[in-house]
Amino acid sequence: MLPNGRKYALRRFRLAGRSVLREFPRSFVARAHRCLEKRALFFVLAAAALLAQPPARPQFDVASIKPSQERGTMYVRALPGGRLLVNAPARLMLMNAYGLQFSQLAGAPDWLSSEIWSVDARAEGNRTRDELMLMLQSLLEERFHLKFHRESREMPVYADRKSVV
């Protein structure tokens with residue numbers, strides 16, 4: 001405390017190569033500390049928000065999708081070496097990519113079942129089937145502009161008397 005009763009903080013600064021003592025009111029120093037604390041908090045929250053975002057789905061390096069001329073066997077094959085071969089309707093691709101049963105895909109347009117597509121896609125490295133299916137999800141959303149969401153529904157089920165307790 002100075003003789004006049006005011007509280008000051010002494011800070012040492014370097015000006016032109018010389019060390020200089022300068023007096024600041026304590027309220028100024030407190031405001032500066034609060035400002036620094038707010039900035040630090042902002043950067044911590046911003047970093048947390050960036051880390052909390054889901055990672056981008058992996059994508060194929062090269063992919064070709066075209067209407068199929070082949071009307072024979074339908075398949076979705078994950079081959080070694082990160083290759084995916086498909087000859088199937090888009091509905092079957094969706095069911096494989098998202099792990100759905102036929103009855104779980106509701107509200108889909110008719111063309112998903114009627115038109116058959118040929119897909120030849122390649123990814124770098126030796127990918128698992130699950131990784132290739134994630135890549136197929138990205139490919140379907142990008143090329144077919146599909147929107148996908150999950151919801152719960154009540155559906156009728158058949159129960160055998162023996163299995164009901």
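In what order do the 4 strands of the open sheet stand? The order is β3-β6-β5-β4, and the pairing is antiparallel. Helices (H or I, at least four residues) and strands (E, at least two) are DSSP runs, numbered from the N terminus. Two strands pair if DSSP finds at least two bridges between them.

This is a predicted model: local features need pLDDT of at least 70, side-chain atom pairs count only at pLDDT 80 or more, and totals for chains, interfaces and linings use all residues. Residues are numbered from 1 along each chain as its sequence is written, and side-chain values use heavy atoms, leaving out hydrogens and water.

Axes are lines fitted to C-alpha atoms, for helices over the stretch in contact, and angles run from 0 to 180 degrees between N-to-C directions.

Now take one pair. β4 joins β5 (residues 83-89) through 5 bridges, in the antiparallel sense. Arg77 has Leu85 in β5 as its bridge partner.

Next, the helices. Contact means heavy atoms within 4.5 Å. Helix α2 (residues 90-98) lies across β4, β5 and β6 (116-122). Helix α2 runs at about 135° to β5. Helix α4 (residues 129-143) lies across β3, β4, β5 and β6. Its angle to β4 is about 125°.
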